[in-house]
Amino acid sequence: MDNTAKNNKGAVPAKLKKRSNMGEIWHRLCTNPVAVVCMAYLTLLILAIVFADFIAPYDYKAANLKARFQTPSLAHIMGTDDFGRDLFSRLLFGGRTSLLVAVIAVAIGIGAGMVVGAACGYFGMLVDNLLMRLMDIIMAIPGMLLAICVSVSLGPGVVNTALAIALGTIPMIARQLRSSTLLIRNQEYIEASRQFGAGSARIILTHVIPNTLAPIIVQASLYIGGSIMAIAGLSFLGLGVKPPTPEWGNILNNGLDYIYEASTRWHVILFPALIIVVTMLAFNLLGDNLRDAMDPRMRK
Amino acid sequence: MIRYICRRVLLIIPVLLGAVIIVFTINYFSTANPAMIKLGLSASDPAKLAAMEAQMGLDQPYFVQLGRYLLGLLRGDLGQSYVYDKTVAELIASRIPNTLRMSIGAILLSIIAGIPLGLLAALRQNTAVDYATTTFAVLMNAMPGFLVAVLLMIIFAVHLKWFPVSGVDSWKSFVLPVIASGIGPITQNARMTRSSVLEVIRQDYVRTARSKGIEENKVIARHILKNALIPIITLIGSSLGTCLAGAILVEMIFNIPGMGMLINSSIMSQDYITVQSCVLVCAAVVTIMNLLTDLAYAAVDPQIRAQYAAGAKKRKPHPGAAVP
């Protein structure tokens with residue numbers, strides 16, 4: 001969000017309004033207990049994942065076949081998995097993969113969606129028609145199926161999985177950006193910039209995108225939640241990031257193999273499931289609350 | 001109106017063609033070599049491999065391959081499975097009924113469960129019912145679909161033994177899969193109905209209706225629901241895509257021989273032509289469903305109807321533009 005505020009410097013008339021708008025949104029978020037809890041959890045999670053090397057009590061790869069399926073204890077706070085690896089350490093490093101893929105996917109989706117949407121809204125006519133029809137076509141293929149198709153074609157790996165998931169989000173972002181570009185296309189500051197001889201690319205980059213970015217950045221939270229879910233789904237099918245690289249989806253999937261022995265091996269299912277659900281919940285609730293905070297109709 | 005219908009039907013053709021080209025292209029750049037998969041172990045012989053590649057047309061340029069595939073599609077030929085001794089069309093035809101049964105069941109469930117739930121939550125806003133519904137919806141939205149399916153199976157099939165664990169022997173086998181794939185759409189419908197009803201309930205015409213002394217039930221049915229349900233139509237249409245995609249995981253868990261299982265087993269056996277065709281069939285089903293939704297929308301929403309009745313000069317609104 002800092003970035004948005006910085007970029008807004010280009011658009012002088014919008015600057016003051018946007019700044020105060022952002023401040024207002026931030027204030028409303030900080031007074032909302034749900035949003036505060038979500039932000040606190042996510043900050044904690046991200047810190048834990050970044051500093052996983054120092055926090056993780058064990059090597060996440062170190063197998064110990066003598067200590068398979070140990071239930072949680074002081075030595076292994078979340079127990080051990082089918083190879084006797086420490087589950088807590090694996091979840092920490094798995095979070096690194098999951099969040100990395102999700103963030104890359106959302107970044108690709110937003111980046112490409114932004115360019116397409118801004119170009120459509122700004123140029124209109126032929127460009128708009130061609131690109132939006134292309135987006136319609138991509139939207140006709142259910143997102144998960146498209147991700148499967150791309151994932152099968154590109155093979156496993158962090159970037160490939162991110163690409164597979166990103167492709168489906170491009171049209172949604174493009175559409176949203178297109179409609180907000182249409183709204184600001186005829187504003188005076190764009191007209192003024194054109195009078196000064198700025199080219200289309202310059203206007204799009206310095207005026208259109210910064211002024212339409214805020215709602216998209218805010219929704220990124222929802223997209224990240226969705227991506228984490230999609231990654232887990234791909235892992236369940238044996239696509240996406242493959243073991244032995246830990247990833248929340250494949251750790252959970254691995255645990256689900258032992259569901260019939262759940263009475264003694266419950267921890268290999270419960271903890272991965274819990275961390276996925278809680279993280280998804282945090283991203284979704286934060287996204288919902290951000291959207292509400294940005295909605296002018298909700299302003300008192 | 002007829003003009004609108006014709007236009008929407010014709011618009012399907014470029015969308016489907018585009019979907020075929022995109023999926024074909026994604027598959028074309030695949031790292032796997034179909035000839036190698038088809039030959040299996042004997043692929044180590046370069047002469048045999050080259051012969052197989054020539055036979056499958058893999059040595060042809062991209063556009064020739066694409067053209068052949070498109071021509072085949074026009075004749076209803078989806079290609080030959082790399083692994084099974086069957087055409088892909090046969091494979092899909094034998095599997096699709098189960099998937100459609102499940103997905104349609106899930107959509108019906110999402111309508112009969114989701115809409116009343118959302119309505120109830122909106123009418124009793126800020127009460128326990130409202131909070132329970134909202135919490136349920138938010139929680140379910142955060143659960144990966146396969147986790148819900150596995151939990152349902154463990155609780156109701158393995159422990160309580162109310163329903164069979166797997167297979168498609170009777171209607172009972174479909175109960176859990178339908179619930180599992182319907183849970184996403186149910187929560188979406190409930191949330192959307194709730195916010196839509198809350199918006200309508202504050203309109204002047206609702207107050208007018210009440211002040212005229214119309215019974216509350218009639219106000220809800222005629223004035224609130226009728227207007228609030230318009231945006232839900234789009235959502236119901238788009239949930240078919242979600243269900244079809246979710247079917248892959250659900251069918252795998254409940255061992256239902258449908259499209260999802262076919263996609264999954266084809267991924268495992270590297271039968272990528274089957275995966276490609278399954279995705280295309282799903283895209284076609286979704287596109288047709290979107291068309292029906294748009295038509296239903298136009299039939300229900302007087303604003304859209306009027307737009308096309310009064311000379312079609314106005315630019316057509318973007319399909320789905322009404323979706324927030």
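Tutor: The discussion below goes from the overall fold to the interface, the core, a helix pair and individual residues. Please keep in mind that this is a predicted model.

Student: Let us begin with the fold. How many helices and strands does the secondary structure of chain A come to, and how many does that of chain B?

Tutor: Chain A comes to 13 helices and zero strands, and chain B to 14 helices and zero strands. Along its principal axes, the C-alpha trace of chain A spans about 75 × 45 × 30 Å, while that of chain B spans about 85 × 60 × 30 Å.

Student: What share of each chain is made up of buried residues?

Tutor: In chain A, buried residues make up 46% of the 300 residues; in chain B, they make up 36% of the 324 residues. Among contacts in chain A between residues at least 6 apart in sequence, 69% join residues at least 24 apart. In chain B, residues 24 or more positions apart account for 72% of the contacts with a separation of 6 or more.

Student: How should I read the interface, and how many residues of chain B are in contact with chain A?

Tutor: In general, the size of an interface is often given as the accessible area lost when the parts come together. Here the description rests on residue contacts: 39 residues of chain B are in contact with 33 residues of chain A. On the side of chain B that touches chain A, the elements giving two or more residues are α1 (2-28), α6 (128-141), α7 (145-159), α11 (230-254), α12 (259-268) and α13 (272-300) of chain B. The residues of that side divide into 28 nonpolar, 11 polar and no charged.

Student: Which residues touch the most other members of the largest nonpolar core?

Tutor: The general idea is that in soluble globular proteins, nonpolar side chains tend to be buried together. In this model the largest nonpolar core has 150 residues, and those touching the most other members are A:Leu145, A:Ala147, A:Ile148, A:Cys149, B:Ala19, B:Ala149 and B:Val279. Helix α10 (residues 200-236) of chain A contributes the largest share of this core, 17 residues. As an example, A:Ala147 touches A:Ala164, A:Ile165, A:Gly168, A:Ala230 and A:Leu234, apart from residues up to four places away in sequence.

Student: Is B:Met192 buried or exposed, and why?

Tutor: B:Met192 is buried because 22 other C-beta atoms lie within 10 Å, and the cut-off for a buried residue is 20 or more. Its place is in helix α8 (residues 172-201) of chain B. Beyond its neighbours within four places in sequence, B:Met192 is in contact with B:Gly118, B:Pro231, B:Ile232 and B:Leu235.

Student: How does B:Val219 compare in its surroundings: where does it lie, and what does it touch?

Tutor: B:Val219 lies in helix α10 (residues 216-228) of chain B. With 19 other C-beta atoms within 10 Å, B:Val219 is partly exposed. Leaving out residues up to four places away in sequence, B:Val219 touches B:Val206, B:Ala209, B:Arg210, B:Ile214 and B:Ile224.

Student: Let us turn to helix packing. At what angle do α5(B) and α6(B) pack?

Tutor: Helix α5 (residues 88-123) of chain B and α6(B) pack at an angle of about 135 degrees, with their axes 7 Å apart. That angle makes α5(B) oblique to α6(B). The crossing of α5(B) past α6(B) is left-handed. On α5(B) the contact is made by B:Leu117, B:Leu120 and B:Ala121, and on α6(B) by B:Val129, B:Asp130, B:Thr133 and B:Thr134. These contact residues divide into four nonpolar, two polar and one charged.

Student: Finally, which loop holds B:Asn126, and what is its phi?

Tutor: As a general rule, most residues other than glycine have a negative phi. B:Asn126, in the loop between α5 and α6 of chain B, has a positive phi near 60 degrees. B:Asn126 counts as exposed, with 8 C-beta neighbours inside 10 Å. B:Asn255, in the loop between α11 and α12 of chain B, has a positive phi of about 55 degrees. With 15 C-beta neighbours inside 10 Å, B:Asn255 counts as partly exposed.

Conventions: Residues numbered from 1 in each chain as written. Chains lettered and ligands numbered in written order. Predicted model: local features only at pLDDT ≥ 70, side-chain atom pairs only at ≥ 80, totals over all residues. Contact = placed C-beta atoms within 7 Å. Helix = DSSP H or I, 4+ residues; strand = E, 2+ residues; numbered from the N terminus. Nonpolar A, V, L, I, M, F, W, Y, C, P; charged D, E, K, R; others polar. Core = buried A, V, L, I, M, F, W, Y, C linked by C-beta atoms within 7 Å. Buried ≥ 20, exposed ≤ 12 C-beta atoms within 10 Å, placed from the backbone. Axes fitted to C-alpha atoms, helices over the stretch in contact; angles between N-to-C directions. Parallel < 35°, antiparallel > 145°, perpendicular 65-115°, else oblique. Left-handed = near helix turned anticlockwise from the far one by under 90°.
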